[in-house]
Amino acid sequence: MASKTEPVYQIFSFQDCKTSPDPVFEVPAQYVTPAPVPIVIDNGSFQTRAGWAAPAAEPDSPRLLFRSVAARSRGAARSETQIGNDIPNLEPLRWLLKSQFDRNVVVNFEIQELIFDYVFTHLGITSEGNVAHPIVLTEAPCNPLHCRQMMSELLFECYGVPYVSYGLDSLYSFYHNNSQRNLQPPHTGIVLSSGYHCSHILPVINGRLDAVNCKRVNVAGSQAASYLQRLLQLKYPGHLAAITLSRVEELLHEHSYTAVDYHEELEKWRSPEFYEREVHRMQLPFSGKVPGGCVSVEERHERRAQQLRRLQEINARRREEKLLQDQERLDRLMAVQELLEDGLLDQFHKSLVELNMDSAEELQSYISKLQLAVEQGRQKLLHSDGVEGKSEVSVTLPDQRKTDLGYHNPERSLLPMDEGDGVTLMDPDFPEDTLPEKPANVVQPVFNMAEYHQLFVGTERLRCPEILFQPSPTGEDQMGLMETLEYVLARYTPEQQEALVSNVFLTGGNMQYPGMKERVERELLAMRPFQSHFKVRMASRPALDAWYGARDWALEHLPTGGGEAAAGWISKQDYEEKGGEYLSEHSASNVFIPMRIAKPVPARPNEPPVTTLTSTGASTAVTTVTFAPMPSCLTVAADVSVVTS
């Protein structure tokens, strides 16, 4: 009889990576002279990447790569703000985190200014008052005019940059990969980009963005992370605090995948063998000590002895403090009694009033009680065994709202002891062990703490990336990415569709799931006509190619080159003459589109004659001239120059 092999479990641990602060680099001399080298900033909604547009011989990776968040508590100074990698762990400060983005559009320019300060400082720019380097900055597709105006105002007015160029991260990545594959421009294709907040479908025809037919899907990485967090918290209600957003993002990036056929893949997970083989057991951190576990008799006696020693030390310290307080009270009362013996009756009666006493007999009574209490306290201190008497004399003066004769504040020294001061005193008659001890041979139930603190991530691995194609499980009432792509392609002629689908390009950090390219190919195969051809390509580095593409563009189009090479840059003079909304177009930028807006003219109904009164009081009939009602379909057209948004 063949022995059954035990299933191989896949147990993983959370990395819980903590970032370290970025160093402050020095600007190399060749980046300043003979001409300042441009700074390339990929202003992403998840991560910001910044570096120099250096030649290929120089280090070409982005110098800075950090999360696009800032943490500053209310009322804190600007210098106390933590940005990006200065925050080692995001979870304790999650409620303080702020981003400059709303969806994928920059709206919080105070945070954006802090991000720029962080970038320029860590790149080593120490010039006071201005940044003498041109800036290449990414922006959202169809960026609103107001947002570009505020960004240009921030860069030109606050930082004094000489040139700025705006471009789309997806198009930078598209052209960078096309140049790596030696494809000759102008390029035609369709870009599927998915980031942290949004996904976009960007058709490119003859090297220029067709902004009229661009579409946005409000489903991306942040929605997938929130959906996975809700699924796991519903599945494991005992580990709500441990299922943090940072760990959920780690699950998405490291353990999720896209199913080529979603329903067929779910059917595979019905098999117990497949489940045991493919489920990922995520080990949460835990303590090996079980609350209420088995404790030996020796350990119990040792703990009781330690508690007894601590209580004895506390009681001895309290007795010393009480003795000092009683001695101070006694000295003050004796000083008042000496006033009577010296014949200073006025001062004596004044002191009695301040102590709220009526006569010398009452003063003598309190002095006698305090003397007895001080003597008892000294006797207790002489005993080193720590045994306390059952009765103590506690003297409290009648009303301590008055001030003393300048010696001490009686509100603290003459008040009775606080409640609970004596609750921890040990009673020698109290038995040391009142609970019966359990026999040592009792078998304790086996409890696997490690398995209790494991998250079994099964179908969640493919259900969360699936919302990019089917957003309905998250409550989003909109089309998925491929359905939107089919809608966009339907707006073109068959010849244009063939050209577009021959170069389908996938980019963005949310496109890095295993199986994403195969899933898009399968969806296109079902979408396109029989025996039609298409080609799907994935970016070589989906999350970083936008920065590399912007760097390549900056090297090919230096602002000091002149002619067509300098196209795409906005100078300080252009900003002052044409305004902050001005955009200098280039191959990877947004475009201005003159849109013909039809403005309907409302139909005016027949109006009856209106009777008015003249200044003399006589009525005069005034008949209004009416026109025939205009048909509702009649419109007045106006040409308006608008930026697509």
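Okay, a definition to start: angles under 35 degrees count as roughly parallel, over 145 as roughly antiparallel, 65 to 115 as roughly perpendicular, and the rest as oblique. Keep in mind that this is a predicted model, where local features need pLDDT of at least 70 and side-chain atom pairs count only at pLDDT 80 or more, while totals for chains, interfaces and linings use all residues. Residues are numbered from 1 along each chain as its sequence is written, and side-chain values use heavy atoms, with hydrogens and water left out.

So, helix 3 (residues 169-180) and helix 17 (residues 545-556): their axes come within 7 Å and cross at roughly 75 degrees, which makes the two helices roughly perpendicular. Axes here are lines fitted to C-alpha atoms, for helices over the stretch in contact, with angles from 0 to 180 degrees between N-to-C directions. Helices are DSSP runs of H or I, at least four residues, and strands are runs of E, at least two, numbered from the N terminus.

Who meets whom? On the helix 3 side we have, among them, Tyr172 and His176, and on the helix 17 side, residues including Tyr548 and Trp553.

Now over to Gln112, in helix 1 (residues 109-122). Is Gln112 buried or exposed? Buried, because its relative accessibility is 0%; the cut-offs are under 20% for buried, over 50% for exposed and partly exposed in between, with a 1.4 Å probe and protein chains only.

Last one: Ile41 sits in strand 2 (residues 39-43) and is buried too, at 1% relative accessible area. From Ile41 to Leu64 is 23 residues in sequence, and 9.4 Å in space between C-alphas.

Notes:
Contact means heavy atoms within 4.5 Å.
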